Amino acid sequence: MSAHEPTTPSAPKRAGWAWRPFALTLPALVLLAAVIGYPLLTIVLRSLSEPQWGAQNYVWFFGAPINLTVLQRTFTISAWVTIVCVICAYPYAYLMTAVGPRVRLVLVLCVLIPFWVSGVVRTLSWVILLQDSGVINSLLRAAGFDGIRLIRTQTGVVIGMAQVLLPFMILPLYSVMKGIDLRLMRAAQSLGARPSRAFFTVYLPLSLPGVYAGAIIVFILALGFYITPALLGGPRSTMLSTLVQTQVLSLLQWGRGGAMGVVLLVTTFVLLALAAPVMRSRYREAGRS
Amino acid sequence: MKFKSRFAGLGAILALGVVAGAAFAQDKPVAGEVKEGSLKGKTLTLVSYGGIYQDGQAAALKEFVDKSGVKLLNDGPTEIAKLQAQVESGNVTWDVVDTDDLPPYVYCGKLFQKLDLTKLDVSKIPEGQVGECSVPAMNYGVVLMYNTEKYKDNPPKSWADFFDTAKFPGVRGIDGSGSPTGGLLEQALKVTGGDPKAMTVADIDKAIDVVRKLGPDTIFWKTGAESQQLAESGEADMLMMWTGRAMTAVKNGAKYAPAWQDWLVVMDQMTIPVGVKDTDASYALLNAYLGKHAQEVLAEQTSYTPINSDAQPKVDASVAAFLTNTPDRQKQGYKQNFKFWVPNFAAAQEKWSALMAGN
């Protein structure tokens with residue numbers, strides 16, 4: 001990409017060979033075009049052509065206050081879920097790199113086993129835990145906190161979604177962290193840095209690519225969440241996917257449903273484009289140190 | 001045994017009646033009857049909502065399958081959007097579709113065929129349930145269930161009490177699974193002094209306001225299972241519930257009782273989509289489904305109320321307590337203003353969705 005990037009000595013000079021790696025990606029590209037590209041194009045077209053050609057569906061979307069409220073709420077909830085995931089996953093992933101192979105296996109299984117359980121099942125377990133007569137509220141009541149409502153609130157939705165999405169944060173973080181040479185920390189400390197200083201100036205910047213990768217995956221997955229907010233949430237935590245479902249499945253307004261999808265997609269792209277420069281500069285910093 | 005012989009006698013009389021009926025009108029279809037081997041080599045796909053309900057429907061149709069030689073496939077759940085995609089693309093693979101109350105009226109002639117009643121025996125279907133594009137699949141009810149421990153000697157008796165949080169404090173649970181329930185909105189409108197018989201679009205807003213005023217504690221349940229769970233855990237003090245779920249919750253020990261006054265009459269509908277490959281085969285299935293024996297099997301397996309008035313399902317007391325076709329229940333039932341909801345389905349759905357999304 002950039003000029004100062006090191007070139008591998010074995011890189012082939014003959015131009016005739018350059019197409020080969022691309023040829024290998026051809027099956028993936030064809031698949032992407034068929035199952036993502038084509039349907040996406042159809043959605044965009046339908047959002048502009050149903051019931052007639054024009055921007056009516058978008059006019060409708062931005063004209064109804066409820067849509068904007070829910071759009072904003074979708075982003076707020078996703079941001080909270082991402083923050084909660086980073087806070088929970090960071091120490092966990094670090095622990096995975098610091099322990100011996102046996103304990104690590106246990107830790108990996110603790111992440112993966114819930115990952116293999118269906119999201120619906122996990123969400124329903126949260127219903128049991130979070131409900132007013134559930135375990136968590138009984139404990140809170142015993143501790144003197146009465147009348148705290150968790151289920152059917154945004155807090156409940158964030159807790160449930162964060163748990164479902166946690167593996168997507170832990171795994172990329174772990175894969176970056178295990179590549180960090182822990183001797184760098186020792187080197188920093190031997191040069192007089194306090195452990196906290198060594199962490200913040202050496203370890204944290206090196207682990208940031210993992211944080212970004214995980215955060216982006218979690219944030220984007222959270223934006224499209226449907227079942228967890230539907231089951232754990234109430235009216236005040238409805239997310240955009242639920243509104244899309246109503247338009248498409250109950251009202252057969254495929255154009256409107258498409259427009260909602262396109263708005264969500266474009267907004268996500270814009271946010272990521274805004275975040276990209278920050279991340280890129282951090283990457284470089286991490287690369288330099 | 002005396003009971004058995006009496007029963008056998010009744011069966012003989014009925015059978016005679018059927019034979020006599022068949023002899024008088026040879027080509028007229030008789031509910032539950034199908035010609036031996038008439039659909040050999042053909043395949044029909046029944047689409048419904050899965051679970052014990054669709055299993056029960058398959059069991060009810062077993063006799064039809066065995067006799068006609070048809071191969072019956074099951075698919076689901078019913079999604080009108082999927083059906084629309086099939087009709088639009090001209091490739092309809094669903095031959096008979098079980099739907100909610102309203103869709104056959106809203107999309108009659110567009111997605112669902114207008115039914116030719118000379119091909120069906122609808123004589124045993126309860127009055128007023130045959131639509132232009134549908135016959136009922138089964139009957140059930142939406143009933144007000146209340147926590148007997150909370151309200152003790154002063155239980156709520158009607159929907160008016162359900163909407164009265166001053167006289168009856170407590171958490172309410174409402175069906176938030178998708179479409180609005182017309183009957184509930186009509187009951188809410190009555191609270192404001194409005195007249196459901198002369199309902200207008202502006203009245204929908206009034207009715208929804210009544211629901212909104214129940215307060216932020218109100219629970220909108222998303223699935224039947226959730227409503228049952230709310231009753232069994234005691235989360236809600238008054239619940240709007242489907243009779244099947246209410247029955248199961250009480251069976252499982254929930255301390256809830258029904259207030260039957262103005263229970264809301266609802267049903268599933270059986271339809272034939274526009275553009276099916278073999279219309280007559282679909283009619284044959286429908287006609288068999290409406291039969292006495294088929295409806296008895298369905299009721300026994302699912303606890304839903306049969307739609308053949310001759311059907312005498314053998315069910316235990318806990319199920320019988322929630323069947324809605326007894327004379328008493330028929331008197332207490334409340335039928336929604338169909339004429340209003342069909343053309344205003346989209347408007348109602350839009351307003352209801354806004355309430356569901358926290359507006």
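Is B:Ser303 buried or exposed, and how many other C-beta atoms lie within 10 Å? In this predicted model, B:Ser303 is buried, with 25 other C-beta atoms within 10 Å, and the residue also has a positive phi of about 70 degrees although it is not a glycine.

**Contact between chain A and chain B**

- Chain A brings 20 residues to the contact, and chain B brings 21 residues.
- On the side of chain A that touches chain B, at least two residues each come from helix H3 (65–98), helix H10 (227–232) and helix H11 (240–250) of chain A, and H11(A) gives the most, with five residues.
- By residue class, that side of chain A is made up of ten nonpolar, seven polar and three charged residues.

**Overall form of chain B**

- Chain B contains 17 helices and eight strands, and its C-alpha trace spans about 65 × 60 × 35 Å along its principal axes.
- The radius of gyration of chain B is 21 Å, which agrees with the value near 21 Å that a compact globule of 359 residues would have.
- Of the 359 residues in chain B, 46% are buried.
- When contacts in chain B between residues at least 6 apart in sequence are considered, 74% of them join residues at least 24 apart.

**Packing of H7 and H9 in chain A**

- Two packed helices are described by the angle between their axes and the distance between the axes.
- For helix H7 (residues 154–177) and helix H9 (residues 195–223) of chain A, the angle is about 155 degrees and the axes are 8 Å apart.
- Angles over 145 degrees count as roughly antiparallel, and H7(A) and H9(A) are therefore roughly antiparallel to each other, with H7(A) passing H9(A) in a right-handed crossing.
- Among the residues that make the contact are A:Met161, A:Leu165, A:Phe168 and A:Met169 from H7(A), together with A:Val211, A:Ile217, A:Val218 and A:Leu221 from H9(A).
- The residues of this contact of H7(A) with H9(A) divide into 15 nonpolar and four polar, with no charged residue.

**Cis peptide bonds**

- Most residues other than glycine have a negative phi, and most peptide bonds are trans.
- In chain A, the peptide bond from A:Glu50 to A:Pro51 is cis, with omega near -5 degrees, and A:Pro51 lies in the loop between helix H1 (19–49) and helix H2 (56–63) of chain A.
- In chain B, the peptide bond from B:Gly76 to B:Pro77 is cis, with omega near -5 degrees, and B:Pro77 lies in the loop that runs between strand E2 (71–75) and helix H4 (80–89) of chain B.

- A:Arg152, which is not a glycine, has a positive phi of about 60 degrees, and A:Arg152 is found in the loop between helix H6 (135–142) and H7 of chain A.
- A residue counts as buried if 20 or more other C-beta atoms lie within 10 Å of its own; A:Arg152 has 25 other C-beta atoms within 10 Å and is therefore buried.
- B:Ser303, the residue of the opening question, is found in the loop between helix H13 (292–302) and helix H14 (317–320) of chain B, where its 25 other C-beta atoms within 10 Å place it in the buried class.

Technical notes. Residues are numbered from 1 along each chain as its sequence is written. Chains are lettered from A and ligands numbered from 1 in the order in which they are written. This is a predicted model: local features need pLDDT of at least 70, side-chain atom pairs count only at pLDDT 80 or more; totals for chains, interfaces and linings use all residues. Two residues are in contact if their C-beta atoms, placed from the backbone, lie within 7 Å. Helices (H or I, at least four residues) and strands (E, at least two) are DSSP runs, numbered from the N terminus. Ala, Val, Leu, Ile, Met, Phe, Trp, Tyr, Cys and Pro count as nonpolar, Asp, Glu, Lys and Arg as charged, and the others, Gly among them, as polar. The radius of gyration is taken over C-alpha atoms; the globule rule is 2.2 Å times the number of residues to the power 0.38. A residue is buried if 20 or more other C-beta atoms lie within 10 Å of its own, exposed if 12 or fewer, and partly exposed in between; C-beta atoms are placed from the backbone. Axes are lines fitted to C-alpha atoms, for helices over the stretch in contact, and angles run from 0 to 180 degrees between N-to-C directions. Angles under 35 degrees count as roughly parallel, over 145 as roughly antiparallel, 65 to 115 as roughly perpendicular and the rest as oblique. A crossing is left-handed if the near helix is turned anticlockwise from the far one by less than a right angle, and right-handed if clockwise.
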